[in-house]
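Q: Let us read a model together. Please show the sequence and structure.

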Amino acid sequence: MLISFEGIDGCGKSTQSRLLADVLTAEGREVVLTREPGGSPGAEEIRRLLVEGAGERWSPETECLLFTAARRDHMERLIRPALDAGRTVVTDRFADSTRVYQGAARGDLRVLVDQLHGLMIGTEPARTFVIDIDPETGLARGQARGGTEDRFESLGLEFQQRLARGFRALAAEYPERVRLIDGRGTPEQVAARVRQAL
Ligand code: TYD
């Protein structure tokens, strides 16, 4: 089974991906924990092009192509072989990030994102958990973390608000697959909500 975690910057989904992978491993499953952009050596190289540098470094179209190229490599080298071997794959971000981030950057790009996804990826997770927090909290956490991977955080609060709306809309668009998880409280409280939803 492929499970993805999604949400705005600083929502806590990386912690939640790890906690779910730990729980499923303890329950006796073989679990592969991975992330996007990245997850395979080639995709990690593309990641650096995407998360570093100026906010306007790439056009939204070029950005879609780079994220899709990274995802294709991640699928070929890591996700598909793991699923074929019967493992459970937990990924910190997947195609919904492209739908929301690149779709939010420019509304009419959603069609292009879905077309590229259909052509090059074609797989949806069995379940997707969107960790839902308010954008002020997320942005403050992301900025407190520091580092050089702040290209999307540098686009500001208004952008994060648009993203939060985008993820909530996605949960309404795919009610079977996408579950909105209240991201408030301790990591353990949020993890319990995720495990129950799964
Ligand atoms: P990530 O490493 O998950 O950052 P964070 O831990 O801060 O959430 O992702 C890096 C950035 O890339 C993040 O701001 C979201 C963005 N992104 C997209 O815009 N489109 C995509 O398809 C993906 C996977 C990520």
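A: Start with terms. On a 1 Å grid over the protein atoms alone, a pocket is an open set of points where a 1.4 Å probe fits, with protein on both sides within 12 Å along at least five of seven lines; lining residues have an atom within 4 Å of a point. A volume is the space filled by probe spheres set on the points, which are joined across faces, edges and corners. This is a predicted model: local features need pLDDT of at least 70, side-chain atom pairs 80 or more, and totals for chains, interfaces and linings use all residues. Numbering starts from 1 along each chain, and side-chain values use heavy atoms, without hydrogens and water.

Q: How much space lies in the largest pocket, and which residues are closest to its centre?

A: Rolling a water-sized probe over the atoms shows where empty space is left. Here the largest pocket holds about 620 Å³. Of its 30 lining residues, Asp9, Lys13, Arg47, Arg93 and Arg145 are closest to the centre.

Q: Which helix supplies the largest share of the lining of the largest pocket?

A: Helices are DSSP runs of H or I, at least four residues; strands are runs of E, at least two; both are numbered from the N terminus. Helix 4 gives the largest share, four residues.

Q: In what order do the strands form the sheet?

A: Strands pair through backbone hydrogen bonds, parallel or antiparallel. Pairing here needs at least two DSSP bridges. Five strands form an open, parallel sheet, ordered 2-3-1-4-5. Strand 2 (31-35) and strand 5 (178-182) are at the edges, each with a single partner, so one side of each lacks a neighbour in the sheet. Five bridges join strand 4 (127-132) to strand 5. Thr128 stands opposite Val178 in strand 5.
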